[in-house]
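These are my notebook entries on a single chain. I set down what I looked up, in the order in which I looked.

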Amino acid sequence: MEYIPPEDQSPQHQRWMAQAMAMAQEAIDNNEVPVGCVFVRDDRIIAKARNRTNELRNATRHAELEAIDAILSDQELTPTPISQYPLSTTILYVTVEPCIMCASALRQLGIKEVYAGCGNDRFGGCGSVLNVNELPHPVRPPYKAVYGYSRDEAIIILRKFYITENKAAPVPKSKAKRVLKTEVAAPTPSPREGTPANLSLPTPDASKVHES
């Protein structure tokens, strides 16, 4: 997954990512892992969502899948019969790199492009752990995924969540001594650059948001 530095980012992409960050804020305000997203088609938001895994007690209710369900259930956005790739003209802006599950769903539905805030060094499906978006497939076309938009903000809000106790956890861990780290290191160069598309190597983001 390619990193786009701030000086090379377009204001339009930054504007949409700001909307995704607003959904991440809504998530943390509701004691959810702060990940938010917006789906954009024809220069307008057609769906926006946030994580709801704690609220619904369902580990699959990630922001991307919440928004996808809304799109697919809307007759105006997804006319029947549903085409093979209903998201082929749609762009996703999400605060954290999609996990492997979400990256796979996006590919199956033919997403056009993905713009992420920070990488996901534990579960990332667009290069950090597995490059689901690029792996060879006889039918599903690959999609472009880049990151770096509102990266620092995406990392800091994740850190804010992970230094608080998750009361929805089976055995909440005491985190009273944890301190919020506000410095964000620059991303390291991607080791995947120049490697074959079928070779999956990690693309570490320097966020380390899951530090204990």
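Predicted model: local features only at pLDDT ≥ 70, side-chain atom pairs only at ≥ 80, totals over all residues.

Entry 1. I found R151, A154, I155, I156, I157, L158, R159, F161 and Y162 buried in α5. The helix is thus mostly covered, with 9 of its 12 residues buried.

Entry 2. I next asked what covers the buried residues of α5. The cover includes one helix segment, α1 (11-29), and the strands β1 (2-3), β4 (91-96), β5 (113-118) and β6 (144-147).

Entry 3. I checked the length of α5, which runs over residues 151-162. At 1.5 Å a residue, its 12 residues should span 16 Å, and I read 17 Å between the end C-alpha atoms, which agrees.

Entry 4. I then turned to the pairing of α1 with α5. Their axes lie 11 Å apart and the helices pack at an angle of about 5°. Because angles under 35 degrees count as roughly parallel, I record α1 as roughly parallel to α5. On the α1 side of the contact I listed M21, A24, Q25 and I28; on the α5 side I listed E153, A154, I157, K160 and F161. Of these α5 residues, A154, I157 and F161 are also among the buried ones. I noted the general rule that an α-helix has 3.6 residues a turn, so residues three or four places apart point the same way.

Entry 5. Which residues touch the most other members of the largest nonpolar core? In this core of 42 residues, they are C37, F39, L92, L106, I111, V114 and Y143. The element that gives the most to this core is α5, with 6 residues. Apart from it I found another core, of 11 residues, which includes I4, V40, I91 and Y93.

Entry 6. I followed I111 individually, leaving aside its neighbours within four places in sequence. I111 is in contact with F39, L87, T90, I91, L92, L106 and Y143.

Entry 7. Last, I looked at the chain as a whole. I counted 5 helices and 6 strands, and from the N terminus on the elements run β-α-β-β-α-α-β-α-β-β-α. Of the 212 residues, 48% count as buried. The chain exposes about 10,800 Å², and carbon and sulfur atoms supply 53% of that area. Among contacts between residues at least 6 apart in sequence, 63% join residues at least 24 apart.

Notes: Residues numbered from 1 in each chain as written. Heavy atoms only, no water. Helix = DSSP H or I, 4+ residues; strand = E, 2+ residues; numbered from the N terminus. Expected span 1.5 Å × (residues − 1). Buried < 20%, exposed > 50% of the residue type's maximum accessible area, 1.4 Å probe, protein only. Contact = heavy atoms within 4.5 Å. Core = buried A, V, L, I, M, F, W, Y, C linked by side-chain atoms within 4.5 Å. Areas by Shrake-Rupley, 256 points an atom, 1.4 Å probe, with all protein chains shown as cover. Axes fitted to C-alpha atoms, helices over the stretch in contact; angles between N-to-C directions. Parallel < 35°, antiparallel > 145°, perpendicular 65-115°, else oblique.
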